[in-house]
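Please view the structure below alongside the text.

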Amino acid sequence: MPAGYVKLATGEIFKGEVVGQEQPAVGEVVFNTSMTGYQEIMTDPSYAGQIVTFCYPLIGNYGIQLDDNESNRPQVAGIITSELCDIPSHYGAVKSIDQLLKEQGLTALTGVDTRALVKTIRKYGTVQGVIACGSPDQEVQVASPPPFSSSYWVDAVSTKEMNTYPNSGPHIVVVDLGMKKSILDCLLAAKCQVTVVPYSTTYEQIKALHPDGVVYSNGPGDPVALKPWLEHVRRVTTAYPTLGICLGHQVIALAYGATTAKLKFGHRGGNHPVKELSTGKVMITPQNHSYVVVDESVDPQQFEVAYRHVNDGTVEGLVHKELPICTVQFHPEAHPGPSDTAYIFHTFLQHIQKGGRSAYAFA
Ligand SMILES: NC(=O)CC[C@H](N)C(=O)O
C-alpha cells in the first residue's frame with residue numbers, strides 16, 4: 001500500500017497508507033463513533049462531500065453485505081481508518097471493503113492514529129482536508145468542492161425522477177433530499193404506498209399526487225442551501241401531516257422562520273441520548289448531522305421543542321402546536337444504530353389514519 005496522509009485545512013498532517021484508488025480525495029473531515037455500520041455510513045447520502053474518520057479501530061471485518069446499502073453507491077468523499085480488514089469473515093459478505101473502494105474509485109487512508117485525528121477535530125472543529133499519496137511536502141492540486149451552502153449537494157444525491165412503490169396503506173410522498181433507503185423500507189414495512197419525489201418538486205406537483213402524508217428526508221450539506229424551496233415546504237406542511245427527518249427537520253424549521261447553526265464537530269454515531277420532553281424518556285439514537293436548529297429562533301407560538309440531546313441540550317425535534325407536523329434531528333429509521341425511536345413512524349401513520357389535524361397527537 002502506498003504511503004499517504006491526510007492534511008487538514010488547519011495544517012495538521014496524519015500519516016497512513018492509501019487504499020482503493022490513489023487519486024487525492026477532498027472533503028470535510030468528520031468522525032463517526034459507531035462500532036458497526038460502516039457500509040450504511042459510506043452509502044448514506046447525508047455524507048456527500050465528507051471524509052469520514054471511523055473511531056472504531058477495526059473497519060471492514062464483516063465485509064460488504066448485499067442488503068446494507070443506504071443508496072446505490074458510496075457517497076462519502078473518502079474514509080479514514082485505524083485498521084482496514086481486507087479478508088472479511090461473514091457468511092453474507094459479497095466483497096471486501098477494499099474491493100468496494102477500488103470498484104467505486106474511492107480513496108481511503110488506513111493505519112492512521114485516528115484517536116489523535118479525532119481529538120484534533122474535536123479541538124479545532126470540523127475542517128476541510130485532503131487525502132493524498134506520497135509525502136505531505138509535495139503540493140497536491142485538488143479543486144475545492146462546492147460549499148455546503150450550495151444546492152449542488154442535495155441536487156447531486158436526490159432522485160432525478162418520481163418513483164412509486166404500490167402498497168395497501170396510506171399514500172406517503174417522500175421528498176428526497178438525499179433519502180436513506182431505510183426510510184423507504186420503514187414506510188413500506190408499515191404498508192404505506194410511497195412516492196419518492198425529487199427535492200425540487202413544487203407544492204402543486206405534490207398536491208396533484210393526493211398524499212395522505214409527507215416525509216422530508218435526511219440529506220447532505222447546509223439546510224440554508226434549500227432556501228429557494230422553503231415556500232413550497234411551508235405550503236406542503238400546512239396542507240398535509242408531515243414528518244421531517246434530520247435535514248428534513250432543519251428545512252421545515254427554516255420554512256417557519258427558525259434559523260440553523262453549525263455545531264463545532266457535529267453528532268455522528270450510534271449512541272446519542274435524546275430526551276422526549278413530554279414523557280422524560282431517554283432514547284438512544286443514531287445521529288449524523290453538523291447543523292442544528294437554533295433554540296431561541298424557534299417561535300414558541302408555533303412550535304414546541306419535543307426532543308433534546310441529553311449531552312449538549314440541542315434541539316432534537318419539534319412538534320407544531322396546531323398543524324400535524326413532527327420533526328426529528330435523529331434517525332428513527334436507524335441503519336446503522338438502534339431502533340428505539342422507530343415508533344416515530346408508527347405515531348405519524350396512526351395520526352394520518354385517525355385523520356386528526358392536531359399536532360398533539362404526535363406528542
Ligand atoms: N443526516 C442528515 O440529514 C444531515 C443533515 C445536514 N446535512 C447536517 O449535517 O446537519
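## Basis and terms

A cavity is defined on a 1 Å grid over the protein atoms alone as a set of points where a 1.4 Å probe fits but cannot get out, and its lining residues have an atom within 4 Å of a point. The model is predicted, with local features needing pLDDT of at least 70 and side-chain atom pairs counting only at pLDDT 80 or more, while totals for chains, interfaces and linings use all residues. Residues are numbered from 1 along each chain as its sequence is written, and side-chain values use heavy atoms, with hydrogens and water left out.

## Domains and their interface

The domain assignment, which is automatic or taken from a database, divides the chain into domain 1 (3-133) and domain 2 (156-361). Their centres, taken over C-alpha atoms, are separated by 27 Å, and 27 residues of domain 1 are in contact with 21 residues of domain 2 (contact means heavy atoms within 4.5 Å).

About 1800 Å² is buried between domain 1 and domain 2, with carbon and sulfur atoms giving 46% of this area; buried area is the accessible area (1.4 Å probe) that two parts lose on being put together, summed over both. On the domain 1 side, Pro45, Ser46 and Glu70 lose the most area to domain 2, together 29% of what that side buries. One salt bridge is found across the interface of domain 1 and domain 2, the term requiring a side-chain nitrogen of Lys or Arg within 4 Å of a carboxyl oxygen of Asp or Glu.

## The largest cavity

The structure holds five cavities of 30 Å³ or more, and the largest has a volume of about 130 Å³, a volume being the space filled by probe spheres set on grid points that are joined across faces, edges and corners. Of the 15 residues that line the largest cavity, Ser46, Gly219, Gly221, His289 and Ser290 are the closest to its centre.

Strand β18 (281-293) and helix α8 (247-255) each supply at least two residues of this lining, the elements being DSSP runs (helices H or I, at least four residues; strands E, at least two) numbered from the N terminus. The largest share, four residues, comes from β18. At least three lining residues come from each of domain 1 and domain 2.

## The second largest cavity

The second largest cavity has a volume of about 110 Å³, and of the 15 residues that line this cavity, Tyr47, Lys180, Gln287, Asn288 and Pro336 lie nearest its centre. The largest share of its lining, three residues, again comes from β18, and domain 1 and domain 2 each contribute at least three residues.

Notes: On a 1 Å grid over the protein atoms alone, a cavity is a set of points where a 1.4 Å probe fits but cannot get out, and a pocket is an open set with protein on both sides within 12 Å along at least five of seven lines; lining residues have an atom within 4 Å of a point.
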